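Trainee: Please take one part of this model and go through it closely. I would like to see how that part connects to what lies around it.

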2 protein chains.
Amino acid sequence: MNMREIARRAGVSSATVSRVINGSTIVREDTAQRVRKVLEEVQFIPNPSATTLKYGRSKTYGLIVPDMLNPFFAEFFGAFEDLLIEIDHEVLLTSAQTPEKLLKSIRRMLMRQVDGAVLMASEFDTKSVEPLLRRRVSLTTVDRRTVHVGCSDVSIDYERGFVEAVRHLVSLGHTRIGYIGGMKGLYTTEVRANAFKLAIRGAGVILHPELMRHGNYRVSGGEREVTALMKIAEPPTAILTANDLTALGAAQGLHRLGLFAPHDLSIIGLDDILLSEVCQPPLSTIRTPRKRLAKACLEALDFSKANIESKGIQLSVLTELIVRETTAPPRRRERTGKISRRKS
Amino acid sequence: MNMREIARRAGVSSATVSRVINGSTIVREDTAQRVRKVLEEVQFIPNPSATTLKYGRSKTYGLIVPDMLNPFFAEFFGAFEDLLIEIDHEVLLTSAQTPEKLLKSIRRMLMRQVDGAVLMASEFDTKSVEPLLRRRVSLTTVDRRTVHVGCSDVSIDYERGFVEAVRHLVSLGHTRIGYIGGMKGLYTTEVRANAFKLAIRGAGVILHPELMRHGNYRVSGGEREVTALMKIAEPPTAILTANDLTALGAAQGLHRLGLFAPHDLSIIGLDDILLSEVCQPPLSTIRTPRKRLAKACLEALDFSKANIESKGIQLSVLTELIVRETTAPPRRRERTGKISRRKS
DNA sequence: CTGTTAGCGCTTTCAC
DNA sequence: GTGAAAGCGCTAACAG
């Protein structure tokens, strides 16, 4: 079933059918009625491949995430999809853990003629996205904090988020505040770590470099690093982490040591994934609002699409501190600096 | 850049270029070499819209899940995507919480000319998938346990999984075993509940109907129903749940009551989402293996594609009991049947 | 072994 | 207000 057939049945031309479907105003109402009736009768489903082939637009946006095992990205996908459905577009989702996979993902996006792409994969060098830009696909990065011709960016305001979080910890009485970040070599790792340093200094407490560690944005990193942190002579009384998985891993690692949040260590995560509310104890965290982030991405995408010749825009999304139960005043520490164990 | 241009540069026809790209053997090696060289030089990316338009095949499979907020589906997507990439196909992912959204999802799949679709959305009547079948799109459902012409099914063997879980609980000494299921009205809810009943009877313990409740496959349901369960005169000493989110909710609800797993109640989940290992205490659960499930889905899809005129196949995937820390022998209960509270 | 060609379904000129 | 027709890029049938 195609437009020609619809046209035949309605006694018009396929051009008119196209005009009716696409809401062109220059069709006489009774003609349009007749066409719509047939459309309805046969439950017509148009074939966008034809349009994509002819005009190179696909009504599809690509979304490249580093890892669907991190619930944050699944949750973001949901928010982004909702937005795109409203404007009658499709999402092409790919996960790209490694630079090689990223390259393949980009190639697939290019094949499918996406109208734009949101790139959340942090592990990439600028070279790999060049093909996108060269082919004038509007691109929006998340958290690169730099824009190019045809390439916008949406960043998350870790700076303010961390200031708020550190202020909360300091107000509880913490002065030895640690940080478990992401893996080395990613730009966003630097950004988050710098935001932490800034926040610490801004709060008037001392920055202890030995309390800053590199995790991997996964549970395992949080677990490993909290273990290391708690074993140093003077462990922190509170930590911030680069994301919720790291924080959850830290809570887990703490537990393995026979210690507990917030009793032995206050923990603040980042993202506010759904399960952070459910884990025991519920995680205090810095929420990255998915809806607003998705909206900003779409806005940036639209901008770059409309102004593909000019520099993209830089947008920023604010976070929100969610205080749950992994933050509390520091426990009084014994003179020796040794950890006393609570029975489990 | 298209095949004609490649052909021009290589001094051949576009048909030959097509043959080289698609690995047809009937091209002379030196000709092929020449073409490949040009292909490489210009970093040629073919345009599948043309093929889709001409032949109606898109190298894309649809995946319809009920909810991306449930990490299980995100994790499954990852497994399914990996499989499809290997065979050079695309996934079109849509989430369809409601019957209306499902209808729209199916329409979108049809528009994009998917070669087949996996339907994990449980809330649907057969009518809504009819358009797919009528248009001869190979379909694979998960957990419908019924096949049709052009429609296969992959089911998860809850029966054996629940038997194993109940046996584990009974061996720990439990006899009052409860169940928090999914929402009423879904077929999979019935299947899981029946599997539970069967397992209980098979283990030779008494089935107490008042210990079987309806949740909603989400955290909130587990929380709500565990509260109800623990308030009845003789609460269960252990429960199974319809999925991990429900189990996590139950653990959470228990905590709100000042009670703890496994001390006051043993809990076994279902799915083994990534975070069930991290939550405190780590959740004992029945693992639904994503990779094997994804493989089975693809196999079923392929079967129905190859035999679109005949009935689909019915496959089954086994689960695996993962014992972590939410299961333990039942606590001795006081004579009064009242709950004693442990200090938190 | 290689080239020529038709045609998939759509939208957009350009006529009328 | 409506219709005729071109052409997007690809591949399979057919011709040579």
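Mentor: In this predicted model, 24 residues surround DNA strand D, and the closest are Thr31(A), Lys54(A), Asn2(B), Met3(B) and Ala50(B). Both protein chains take part: α2 and α4 of chain A, together with α2 and α4 of chain B, each supply at least two residues of the surface near DNA strand D. By class, that surface divides into eleven nonpolar, ten polar and three charged residues.

DNA strand C can be described in the same terms. Around DNA strand C there are 25 residues, the closest being Asn2(A), Met3(A), Ala15(A), Ala50(A) and Lys54(B). The elements that give two or more residues to this surface are α2 (14-21) and α4 (48-55) of chain A, with α2 (14-21) and α4 of chain B. The largest share, five residues, comes from α2(A). Here the classes are eleven nonpolar, ten polar and four charged residues.

Next, the contact between the two protein chains. Here 38 residues of chain B are in contact with 38 residues of chain A. On the chain B side, α4 (48-55), α5 (71-86), β2 (90-95), α6 (99-111) and α11 (244-256) each supply at least two residues. Of these, α5(B) gives the largest share, six residues. This side of chain B has 21 nonpolar, eleven polar and six charged residues.

Chain B has an open sheet of six strands in the order β7-β6-β8-β9-β10-β12, with mixed pairing. Its edge strands are β7 (212-214) and β12 (320-322) of chain B, each of which pairs on one side only. Neighbouring strands of the sheet are turned by 20 degrees against each other on average, direction ignored. Within the sheet, β9 (266-271) and β10 (284-287) of chain B run parallel and are joined by four bridges. Gly269(B) has Thr285(B) in β10(B) as its bridge partner. Helix α9 (187-202) of chain B touches β6 (177-181), β7 and β8 (238-241) of chain B, and its direction makes about 170 degrees with that of β6(B). Helix α11(B) touches β6, β8, β9 and β10 of chain B, at about 155 degrees to the direction of β9(B).

A further strand to look at is β5 (151-156) of chain B. Six of its six residues are buried, so β5(B) is largely enclosed by the rest of the structure. Cys151(B), Asp153(B) and Ser155(B) lie on one side, with Ser152(B), Val154(B) and Ile156(B) on the other, and both faces are covered. β5(B) pairs in the parallel sense with β4 (138-142) of chain B over four bridges, and Val142(B) stands opposite Val154(B). β5(B) also pairs in the parallel sense with β11 (314-317) of chain B, again over four bridges; there Asp153(B) has Gln314(B) as its bridge partner.

Note on methods:
Residues are numbered from 1 along each chain as its sequence is written. Chains are lettered from A and ligands numbered from 1 in the order in which they are written. This is a predicted model: local features need pLDDT of at least 70, side-chain atom pairs count only at pLDDT 80 or more; totals for chains, interfaces and linings use all residues. Two residues are in contact if their C-beta atoms, placed from the backbone, lie within 7 Å. Ala, Val, Leu, Ile, Met, Phe, Trp, Tyr, Cys and Pro count as nonpolar, Asp, Glu, Lys and Arg as charged, and the others, Gly among them, as polar. Two strands pair if DSSP finds at least two bridges between them. Axes are lines fitted to C-alpha atoms, for helices over the stretch in contact, and angles run from 0 to 180 degrees between N-to-C directions. A residue is near a molecule or strand if its C-beta atom, placed from the backbone, lies within 6 Å of it. A residue is buried if 20 or more other C-beta atoms lie within 10 Å of its own, exposed if 12 or fewer, and partly exposed in between; C-beta atoms are placed from the backbone.
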